[in-house]
Amino acid sequence: MREYEVIRDGNVFSTSFSPSFVFSSEYEETRRYLKSLLARYQGISFNSVFHGMEEMNEGGTCFVQKSRHALSYRAVDYGRFRDEISRDLTLVHGIGLATQKKLNNLGYETLNDLLDHPRYRVDAGDVLSRLSDGNTTEIMNLIGGRHSRSHPCILGTAGMHEPEDFVFFDIETLGLFSRPIILFGVGSLENGQLSVNQYLLRDIEEEQAALLATVEHLSGDHPALVTFNGKSFDLPYLADRLAYYGLGSPADIPHFDMLHFSRRRWKGELPSVRLTALEKEILGIRRSDDIPGQMVPEFYETYQRSGNCGPLVPILEHNCQDVVSLAMLFFHLVGESYGCT
Amino acid sequence: MAVPDILHLLDSVPVYRDRVAHIETTGPVPAHYGNLNRQLSPSLEAYLGQNYIRLYSHQCEAIDAARAGKNVVLTTPTASGKTLAFNIPVFEMLEMNEEARALYLYPSKALANDQLLPLEQMSRFTGIQARAAIYDGDTPQSKRAAIREKSRIILSNPHELHQILCWHAKWRSFLSNLDYIIIDEAHRYRGVFGSHIACVIRRLLRLCRHYGSEPRFILSTATLANPQGFACNLTGQDFISIDEDGSPHGRKHFVLYNPFFNGISEKSAHQETKDLLVSCVKENLQTLCFTGSRKMAELVTLWAREDARFSSARLADSISVYRAGFLPEERRVIERQLKDGSMRGVISTNALELGINIGSLDAVIISGYPGTMMSTRQQAGRAGRKGADAIAILVAQGNPLDQYFMHHPGLFFNRTHEHAIIDPKNPYILSGHLLCAAAELPLNEETDPDYFGNTMADYLHDLQSNDLLRKTSRGWVYSGRGRAADAVRLDGMPGETFRILCHGKLLETMDRGQAYREAHTGAIMLHQAETYVVNAMDLETHTIRVTETDVDYYTQPLKEVNLAILRTLETKDLHGMKCAFGDVEVTEHFTGYKIKRKDTIIGIEPLTLPPLTFRTRAFWFVPPPHVEQSVNAVGLDLAGGLHGAEHAVIALMPLHVMCDRWDIGGLSSPAFGEIGEPAIFVYDAFEGGIGLAEKAYDLLPALLASAHELVRDCRCEEGCPSCIHSPKCGNDNQPLDKEATVLILGELCSEPEKNSSSHTCTTSGVITAL
């Protein structure tokens, strides 16, 4: 049972009709790759392929593989963001671009100035108090509500967090919803490096423990979530699986979904805004031996049926690279707008 | 009054008089009103008052029972106010508890659409915020979240429910406050489809328990023999049944009309239908006519209009067909013309029985028994306006069941109703839904047998070995790659599905057995009563290509059936005859097919298909030795007699158990198995069985008696399509011996003469597992 369509090479036209597709050459190549993996890892035990450890929690035992990756990033110039925001009069209800221009001409440059304005005084006061007292999510909502949810300005709220607060999150699943998550990739900065924890299910039984371990990462001191399409996929999926086991719901933390920011930034400029395309075009990363995300389920199923852990190797690599690229992309976009110079 | 004129016509014109087998007159019955145990709230009282509604006794009973926390199944006729009987308790609950929610399930999207407006009106009128909304495949994504969160009455269908249950986390607020589940037209959920729906409802209830709600049910069904048992099977809950109708009825005449009164028909039954229709329309009766197929509906319309044109062009124009493919606007035009009286005659198919929103008329003509007594009553129920006389006419076809009714009108009007059968424990159906359930919440071996029965655990291990389930500390978890709900088709048995394509468009899907029987290469296949020819059947890709055709011949597969008894589950003794019920394995070899025009064979073609083997449930009986002796003594053919008896029993199964004769199969043998006893087997033609043979086993004396009467009373000499010929016989109705059939069935129905001492029921004598 496939949940994607195999499309003839070069038939870019029909890609727009299929929500999920793989080009046929890629498909064939990946099937061949699967065969070669099975041959290469025949009879080799899980523990000699993966060097991870077991973790225990109230959900049971799960397996985690940890890795560290170099990552360069610029600190966020939070002052620049606050300055920009304080000059954005359109955050006040009833003020559009034209009115802002008029107000500027009248000498109202900042939100603070508006506190003297007879008509906008009250609303401006409200916006200012929300900006000074609100948490990241509230400020994201304030800006998103007046502009758009993918406005680059929203990225500036990243400055309200320490770099170590960001949790880069990507999951691999057995399909589109109501099936197990088989791999949870969670990355965060530690001592200037990106540390990636990958919770891999050796058996479906380990899903609950892996879910709880993952949720633990999202409940830090002042965490903020960074995903690629996580608002429509990873996070609802996580919530769905937690509900499935009756384990409550994930904490409501600030969420930067880089798909939306990337789409706004590069749409029309690049032919595709899929993560793999962006990392190639923008970050200059080339993957080798990668498999299309849509084909992860059949690789995992092959592992389940055969016990041969070869098919897991590219799944882990794929997921790890996704987390690393996601982190790089995030700092790239934030840096572009608000990086310290 | 035109109804008496028609009755006079039927009585005075010789052509009609001969054909009238019976006229049953009922009514008029005055309204019987009731009182509620407790007053309704002022807003609901005002609603009833301003709409001049006084509650009938059965509505009051239903409302009081629902208020008392009981599950209610309401079995009263068409137009008796069933909708109000469940809307009142629901609105009362919505008014009392502002969190309360209700789910209304309808068998089709169209029916849900029809019900939305009345609910909205009631909500507006009473000021009780229901925010009723339809949630089905047509609901736009953008509206879904708001409906889930805000609507307090959601109208949907079981297909949609099947798909959305795995999203239960999004339905938390709805599910945790669900108070009422309303299932309208519940009788539609029977057979394989019903067994699936029963599993879907159990999955829903399991989620309700998870979210802490315990919804009550109100079901409405057409008249059944077993409403309580049926409702219980469908939902797994206990019910009280309310069937005393308090609504008023005018005088009604039900005519049984037999074109085959003397064994042969001069005109086709359809021509006769047309004659009756034109007579009714000429007498100024608004008439609704039901036919078995769309083509017949079109033809009857065409002929009737031609006939009517001799009187006047206006009369001809007042007759119209009512097609399934009509756009809503076209439907509304006909509905309006019926209301203003300019439309006099409307011809429709049985399939549209439920879909027509045209209220009541003066006359209904039913061309051919629609398959169930229940449908007959529903269709005939369309005749009868307030206080006026009404007439319903059933025009018989030449088949055994129609003819049986014509010869036994007493039975037609007085017999107990049919049993609606579902079997949520069919292993093939149940295991599919266990997968779906496991994908919704982990399956718990301790508590979930409440929903899926004690055999649940056996299936779990099977599913685990197929890598579809995994046992974890929280229960059994779905671990398959595909979406579980996609693997289960609600309208068929799981297994290999063949797709039937017409010009590249999917017409329908069939399982392998049905495909072999009805859609082999060269077969003339029926789909929604239209004819298609099968051009190619690809066994590898499971694809069957067909094109429309208009031929005057039909095809009949030839098959050999082998049957092995796997396990005898029950045995009993009936008048000294050994009867049993159990698991069997049936192997059907399709060897070829005949091409026939009417009864003439115009060709035989071979077929090469692999044998089809399936396990199912059967009942069988072994006529005692004295029966065989009687047959031999008068020089009749035992094999032909048993074969005829098998056909007659199968033909009349639908009389007792709601099913189609195509849902069952049979085998007879003068020397079955190692012991070589004569035997007749009747089995469910579905993998795993769906309870048809099981129910018929309980009703065996009545079934044999009716089969005996059918054959005995048929006027033919050597057997005909009205008695022992079967349209689906794999041996081309050979051998058949009508006299031997009558003798055998007669002996099986009567007490044997004074030799009862030798007959004690022991299993040893019955053919047991081979």
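Student: What percentage of the 341 residues in chain A do buried residues make up?

Tutor: A residue is buried if 20 or more other C-beta atoms lie within 10 Å of its own, exposed if 12 or fewer, and partly exposed in between, with C-beta atoms placed from the backbone. In chain A, buried residues make up 37% of the 341. This is a predicted model: local features need pLDDT of at least 70, side-chain atom pairs count only at pLDDT 80 or more, and totals for chains, interfaces and linings use all residues. Residues are numbered from 1 along each chain as its sequence is written, while chains are lettered from A and ligands numbered from 1 in the order in which they are written.

Student: What pLDDT does chain A average?

Tutor: pLDDT is the predictor's confidence in each residue, from 0 to 100. Chain A averages 90, and 95% of its residues score at least 70. Elements are DSSP runs, numbered from the N terminus: helices are H or I, at least four residues, and strands are E, at least two. Chain A has 14 helices and 9 strands.

Student: Which elements do the buried residues of helix 11 of chain A pack against?

Tutor: Start with the helix itself. Helix 11 of chain A spans 258–266, and its buried residues are Met258(A), Leu259(A), His260(A), Phe261(A), Ser262(A) and Arg265(A). They pack against strand 8 (224–227), strand 9 (255–257), helix 12 (275–281) and helix 14 (312–338) of chain A. After helix 11 of chain A comes Gly268(A), with a positive phi near 90 degrees.

Student: How many residues of chain B are in contact with chain A?

Tutor: Two residues are in contact if their C-beta atoms, placed from the backbone, lie within 7 Å. Here 16 residues of chain B touch 21 residues of chain A. On the chain B side, strand 15 (469–472) and strand 16 (475–478) of chain B each give two or more residues. For classes, Ala, Val, Leu, Ile, Met, Phe, Trp, Tyr, Cys and Pro count as nonpolar, Asp, Glu, Lys and Arg as charged, and the others, Gly among them, as polar. That side of chain B has 7 nonpolar, 4 polar and 5 charged residues.

Student: Which helix of chain B gives the largest share of the domain 2 side that touches domain 3?

Tutor: Domain bounds come from an automatic or database domain assignment. In chain B, that assignment includes domain 2 (42–242) and domain 3 (427–487). Contacts join 15 residues of domain 2 of chain B to 12 of domain 3 of chain B. Helix 10 of chain B gives the largest share of the domain 2 side, 9 residues.
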